[in-house]
Amino acid sequence: MPSPRVTRAANANSTNPNNRFEFMSLLTNRTSSSEPVPTRHRLSDSPVHRKDSFNSSSPAFQQQLPEEDCMKLNPSFLEIALKSLLAIDLWLTKKLGVCAREGSSWGSARPLMKLVEISGHGIPWIGGTIYCFYKSDSNAGREVILNLLFALFLDLLLVAIVKGIVKRPRPMQNRMDMFATFSVDKYSFPSGHATRAAMVARFMLKHLVLAVPVRILVVLWAIVVSLSRVVLGRHNVTDVVFGFIMGHMQFTLVEHLWLSPNALPSLFKV
Ligand SMILES: CC(C)=CCC/C(C)=C/CC/C(C)=C/COP(=O)(O)O
């Protein structure tokens, strides 16, 4: 059975055999008697060469064309690049979501990945930081811990704002069985775990005195938490990459906004 496109082409050629169907709408005006009349005879009449406002993107030009003939022939480079990136993103996300379900190819590692997920969750980090604040007996220690707490709350706020603006849904393969989420956490972009992991890791490397093996572990932890978001099917790859970059930017912001003991003297020992 001929496709609608082939049938349309055949009909078009039967009324005007000299015109190629694909370009008919660019070369002809449709008159009231529906007789196509060639209108572009000279090079200077072509949409490319004419200097008046009647070019292919002008409303006047597009009004003359039936809707099905209006095809965007020159998408911008940026548009093509973004669409290609999105296609690669979706393809990679699907390929890497190997623990998205119990029945997935690495489904048996899902419980372990969920433990990694909890290690980057906001509740243990905020709870643990408050506990350390009250246990700390030096003002210098309290200052660092207070700023970590500030960073963690700032992270929650900024991620919620971006998620609320972008509203990108989570990948199809995600099961919404996450521990303690906010309403914006139904959205995917950016990954809050990735922002937190990147920010906390940089914070610890800068402000805590750690042995080299522990420093390496901190970096590995941040990478594994971020990767686990895609492996669990929670996020697209671009959500995590952007989240990781955003976490580094948040760290820089916290360094600029650093809270000193003078800002909250009542929290420090005299
Ligand atoms: C004390 C307090 C307000 C704690 C709130 C902690 C909380 C519920 C954080 C949400 C963490 C979360 C589920 C983030 C989503 O991470 P994604 O990587 O899935 O974006």
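Below is a set of questions and answers about this structure.

Q: What kind of model is this, and how are its residues numbered?
A: It's a predicted model, where local features need pLDDT of at least 70 and side-chain atom pairs count only at pLDDT 80 or more, while totals for chains, interfaces and linings use all residues. Residues are numbered from 1 along each chain as its sequence is written.

Q: What makes up the secondary structure of the protein?
A: It comes to ten helices and two strands. Helices here are DSSP runs of H or I with at least four residues, strands are runs of E with at least two, and both are numbered from the N terminus. Along the sequence, the pattern reads α-α-β-β-α-α-α-α-α-α-α-α.

Q: Why is Lys 167 called exposed?
A: A residue is buried if 20 or more other C-beta atoms lie within 10 Å of its own, exposed if 12 or fewer, and partly exposed in between, with C-beta atoms placed from the backbone. Lys 167 has 12 C-beta neighbours inside 10 Å, so it counts as exposed. You'll find Lys 167 in the loop between α7 and α8. Its phi is near 55°, a positive value in a residue other than glycine.

Q: Why does Ala 180 count as exposed?
A: Ala 180 has 9 other C-beta atoms within 10 Å, so it is exposed. Ala 180 also sits in the loop between α7 and α8, and its phi is positive, about 40°, although it is not a glycine.

Q: Which peptide bond is cis, and what is its omega?
A: The one joining Phe 189 and Pro 190, with omega about 0°. Pro 190 is found in the loop between α7 and α8.

Q: Why is Phe 77 labelled exposed?
A: With 8 other C-beta atoms within 10 Å, Phe 77 is exposed, because the limit is 12 or fewer. Phe 77 belongs to helix α4. From Phe 77 to Tyr 187 is 110 residues in sequence and 28 Å in space, C-alpha to C-alpha.

Q: How much of the protein counts as buried?
A: Of its 270 residues, 23% do.

Q: How do you know what span to expect for helix α9?
A: The expected span is 1.5 Å times one less than the number of residues. Helix α9 (residues 212-231) has 20 residues and reaches 28 Å from its first C-alpha to its last, close to the 28 Å expected. Just after α9, Gly 233 takes a positive phi of about 80°.

Q: Which residues of α9 are buried, and what covers them?
A: The buried ones are Ala 222, Val 225, Ser 226, Ser 228, Arg 229, Val 230 and Val 231. Their cover includes α4 (77-96), α5 (110-119), α8 and α10 (237-256).

Q: What makes a group of residues a nonpolar core?
A: It's a set of buried Ala, Val, Leu, Ile, Met, Phe, Trp, Tyr and Cys residues joined through C-beta atoms within 7 Å. The largest one here has 26 residues, and Ala 151, Ala 197, Ala 198, Met 199 and Phe 203 touch the most other members. The elements giving two or more residues to this core are α5, α7 (139-166), α8, α9 and α10. The largest share, seven residues, comes from α8.

Q: Which residues does Phe 203 touch?
A: Two residues are in contact if their C-beta atoms, placed from the backbone, lie within 7 Å. Not counting residues up to four places away in sequence, Phe 203 touches Leu 148, Ala 151 and Phe 251.

Q: Which feature does UniProt place at residues 144-255?
A: The unreviewed UniProt entry gives "domain: Phosphatidic acid phosphatase type 2/haloperoxidase" there; such annotations may be inferred rather than shown by experiment. In the model, residues 144-255 are 70% helix and 0% strand, with the end C-alpha atoms 11 Å apart.
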